[in-house]
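Hi,

Here is the structure I promised to pass on to you.

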Amino acid sequence: MLDLSKKLKDELVIEDRVYALDLSFNKILLLFEMLQDEDIPDFVKPHFALRMLTGVKFDELSVEEAVLVFQAVFEEHIQVRDSRRQAEMYDLAGNVLPSQLIEEEEKPLFNIKQDTDYIYASFLQAYGIDLIDVQGKLHWKKFNALLSGLPKDTKFAEVMKIRSWRPQEGESKEYQSRMRALQEEYALKESE
C-alpha cells in the first residue's frame, strides 16, 4: 500500500551495506513468474529473487539466510494487502481503527497474466498510461494503486464486475442467464 506521507524508499539493508531495489511493476511480475516456475528448484529461488531485485548475486548468503532476506523484502516492499479481505478505517486523527474483515469467498477475481490485455487497455483508457512504455519506471506500489482505482467504465472493471456477480432477488431470468454466460466467457483458466 502506498503511504503518501513518505517517499518510496526502495532499498535492502544487510548489516552495513545498502542495496537499491528495482521495484518496477514489470520486474515484480517477472519475479512472480520465476517463483511459479516449476523448472527452477525451490532452494535457488530466493537467491534468484534477490538478484532480480538488486542485480547482486548474494553468494555469501546461505539458502536459509536468503529465504529470510527475501521474505523481509517481500513483506515490506512487494506484498499487497487484498482490499477485498480487509478494509482499513481511520478516525478523524488518521489513526487506524480495528480491522473489519469483509466476508467474501477466496476465489480470485483476476489473474494479472491472464487479464493482461484488459489491464493494459484499461490503464491506457483511464490514465493515458501505456504500460509497455513505462516498464522499468512505474513502481509496483503505484501500479497496484492505479489498478485498484480503475474506473467502472474500463474493460478490466467490467470483467471484475461480471466475475463477482451473484444472482440477486428480483433479477429477471434472462438477465441471470446472460450474466452466467458472460461469467463463462470471462472465467479464469485453472491452469495459470
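Predicted model: local features only at pLDDT ≥ 70, side-chain atom pairs only at ≥ 80, totals over all residues.

Below is what turned up when I went through the aromatic pairs and the salt bridges.

Residues are numbered from 1 along each chain as its sequence is written, and side-chain values use heavy atoms, with hydrogens and water left out.

Let's start with the rings. A pair of aromatic rings is described by the distance of the centres and the angle of the planes. Rings of Phe, Tyr and Trp (its six-membered ring) pair if their centres lie within 6.5 Å; planes under 30 degrees apart count as stacked, over 60 as edge-to-face and the rest as tilted. The structure has 11 aromatic pairs. In one of them, Phe-32 and Phe-74 sit with ring centres 6.4 Å apart and planes at 70°, so this pair is edge-to-face. It links distant parts of the chain, with Phe-32 in helix 1 (residues 25-36) and Phe-74 in helix 3 (residues 63-78), 42 residues apart. (Helices are DSSP runs of H or I with at least four residues, strands are runs of E with at least two, and both are numbered from the N terminus.)

Phe-123 and Tyr-127 are also edge-to-face, at 5.5 Å centre to centre and 75° between the planes. Both belong to helix 4 (residues 116-127), 4 residues apart, about one turn of the helix. Are they buried or exposed? Phe-123 is buried, at 0% relative accessible area, whereas Tyr-127 is partly exposed at 29%. (Buried means under 20% relative accessible area, exposed over 50%, partly exposed in between, with a 1.4 Å probe and protein chains only.) Ring pairs also join Phe-25, Phe-32, Phe-70, Phe-74, Phe-123, Tyr-127, Trp-140 and Phe-143 into a cluster.

Now for the charges. There are 6 salt bridges (a side-chain nitrogen of Lys or Arg within 4 Å of a carboxyl oxygen of Asp or Glu). Among them, Glu-33 meets Lys-113 at 3.3 Å, N to O. Glu-33 lies in helix 1 and Lys-113 in the loop between strand 4 (100-101) and helix 4, so this pair ties together parts 80 residues apart in sequence. Glu-158 and Lys-155 form another, at 3.6 Å, and both lie in helix 6 (residues 155-164), 3 residues apart.

Cheers
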